[in-house]
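Biologist: Before we use any labels, could we go through them one by one and ask what each of them rests on?

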Amino acid sequence: MAQACWLGLLLAATDAVAGATSSDLKVFEVDPVKLSKYFDALLVFSGGPIVLLVALASLAVPSLSPAISSSLPLLYRRYPRYRLRFQWALHLLTAALLVYWLKPLRPLDMEATGWAAALVVGVPMLSAAVLVATLRTNPLYRALLAAGALTIGLSAIRVSADLGLPAQHLATGVVATVLALVETLLLVVLVVWLLRLRQSSELIQSLVEMATNLIEHVQRIGSGGLQPMQSSTVRDDLVCATEEQDELKQLIAGLQQIGLRSLHDDQPVPAEMVVRGVGVIQKAARVLDARRDDWLRLRDPDGQQMNGVATPWVEVLCIRTLATLILASAEEHYFTIGRLAGGAIGDAALLHLRAQGAVLEATPFRQEVLEKALAAYANAYDECIQFGEVNLSDELLAQFALLINELLATDNLEWQEFLTAQIAELLVDAGRLAVARDEVAGVRGLLSTVRQLRAAPRTRVAVIGAVVDLGAVALASRAYRVATVLLEWFERLNGEGGFVGPIAVEFVRTQTLNRSADRPLEATDTYMRVFLILAVARGVSLRHGWDRAAVSSIFELASGIPEIAERLRVTCARLAGATDLPDDETIAWQATLRTWLGRVRS
């Protein structure tokens, strides 16, 4: 290390200065032979801590690796809280040595007072202390710095003595002894630090403090002070442009790794600490986001050029971490951790929607945060269905609905357009697995949440389209119980003013009929048509008052589907058999279908 080499050479320079001013250092008389042996003993001693440091670092690797990559806490160095200019310390040292070398203070009779020894010994030690105070450091680095400086310095002094140069003086021995004592103390501190890091709580707290220290450092440095990134260590779609960005990504990724490991080992307390730690990092980063535009700029996905658009990459990264912990909570059935992480996602999203009760402008920066939060809820609900976590799925649906209703309650056209563009895909992503598995409870929960939305007309169109899409998935997956639930949803909504029928038909027309005549219908298009024909026929047979225009559009929907009569008959019979529908309802339903199909043929 460059700093250790410099400190070692500083120790050798102290010895050279002491040799040049030996006539002034007569306060203490020491036998040169004994002093030489003492220096040899110090040199032998200096090699032991280096071996011990290597052994301690090797033992720390297996103890930390199950929870996190050991290189992160061991090699990451914290930034100094007070930025001192180290070059000024060097200038001060050089000036002091030159002043003393030129003997301008000889009239003060320094030989008698011993101030010469204090100057020769104290200035290098002060300079070394300033150096350590202005470096990025951690306990391992400090111990290595002291051990390396002592070994290099004593080796240089030994070489000087072998060459016959004036060396191994008492002042240098005092400095080397102090440095050896400091090295021993730092080794003890390192051992205690490594033992503390074996506890998950201490490791989590250490990573959070490192992250906040990094953010504070970025706040202190001026614009343009960030170090350009050479090669990213965490490769994903968020390509860092600076070293500081990449370091923060590594720390957040380390917290995520600890949280996942804790849930896997049935330790919910560390996982809860990870969730709260991520919240602390988010809070600190929001202050920085509001002040530093260069902090928000990443590289393009290819990593070659800077992206000119500010990106809320810290918020996105934290939301991804929380979403991953929700998925692990669903798998390991930890309701409290999943609920806490879901609430943290919702709180982070709402801070980009409202501030002190006022609705914020729907900028692309804020929309990206809301988009990631909504997608996290949808994916988490899908994961809860996969692992049968009912309690957590209900909680996430409530948080999901709360965030959507907050968006709808803004009465802001831009925010509602943003939601309209997202809602259909979100509902389909959330419910696809439940539909494909024929999980009636999961689909009913999702539909119940949808019914609670205070949706504007355009948003309701997107919601209806999502239900039609899910109905097509149900028919394609032969999930007839879920398909019946989705059909019943259409029946109930159609009784609320006759609103659903025409919109649903128009949605399918837009999705499936606006294509070239020579292009065949895709499988999804066919199932969407079949589902909607069944829904409208059931509504008419149960006298829910479907609009005449909607019924007339069925004829157009049925055209182009091969063997439509047989397909509808078989599907209707399977639906009735899977859900034990009353015979009179099934008969009326099939009669309506036969009547329509007769009109289609004619």
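Biologist: Why is N138 called buried?

Modeller: This is a predicted model, and in it N138 has a relative accessibility of 5%; buried means under 20%, so N138 counts as buried. N138 lies in the loop between α6 (115–133) and α7 (139–162), and, leaving aside its neighbours within four places in sequence, N138 is in contact with P73, L74, L75, Y76, R77 and W193.

Biologist: What makes the pair of N138 and Y141 a polar contact?

Modeller: A polar atom of the N138 side chain lies 2.6 Å from the backbone nitrogen of Y141, and the cut-off for such a pair is within 3.5 Å.

Biologist: Why is the pair of E202 and R196 called a salt bridge?

Modeller: The closest N and O atoms of E202 and R196 are 2.7 Å apart, and because a salt bridge requires a side-chain nitrogen of Lys or Arg within 4 Å of a carboxyl oxygen of Asp or Glu, the pair of R196 and E202 is counted as one. The structure holds 8 salt bridges. In general, side chains of opposite charge can pair when their charged atoms come close.

Biologist: How do you know that R432 and D429 are separated by about one helical turn?

Modeller: R432 and D429 are 3 residues apart in helix α16 (residues 413–436), which means that about one helical turn separates them. Their side chains meet in a salt bridge, with 3.3 Å from N to O.

Biologist: Which residues touch the most other members of the largest nonpolar core?

Modeller: Of the 133 residues in that core, L248, W295, I345, L374, L486, F490 and L534 touch the most other members. The largest share of this core, 12 residues, comes from helix α12 (residues 313–332). Leaving aside its neighbours within four places in sequence, I345 is in contact with residues including I319, L322, A323 and I326.

Key:
Residues numbered from 1 in each chain as written. Predicted model: local features only at pLDDT ≥ 70, side-chain atom pairs only at ≥ 80, totals over all residues. Heavy atoms only, no water. Helix = DSSP H or I, 4+ residues; strand = E, 2+ residues; numbered from the N terminus. Buried < 20%, exposed > 50% of the residue type's maximum accessible area, 1.4 Å probe, protein only. Polar contact = N/O pair within 3.5 Å; in protein donor to acceptor, adjacent residues only side chain to side chain. Contact = heavy atoms within 4.5 Å. Core = buried A, V, L, I, M, F, W, Y, C linked by side-chain atoms within 4.5 Å.
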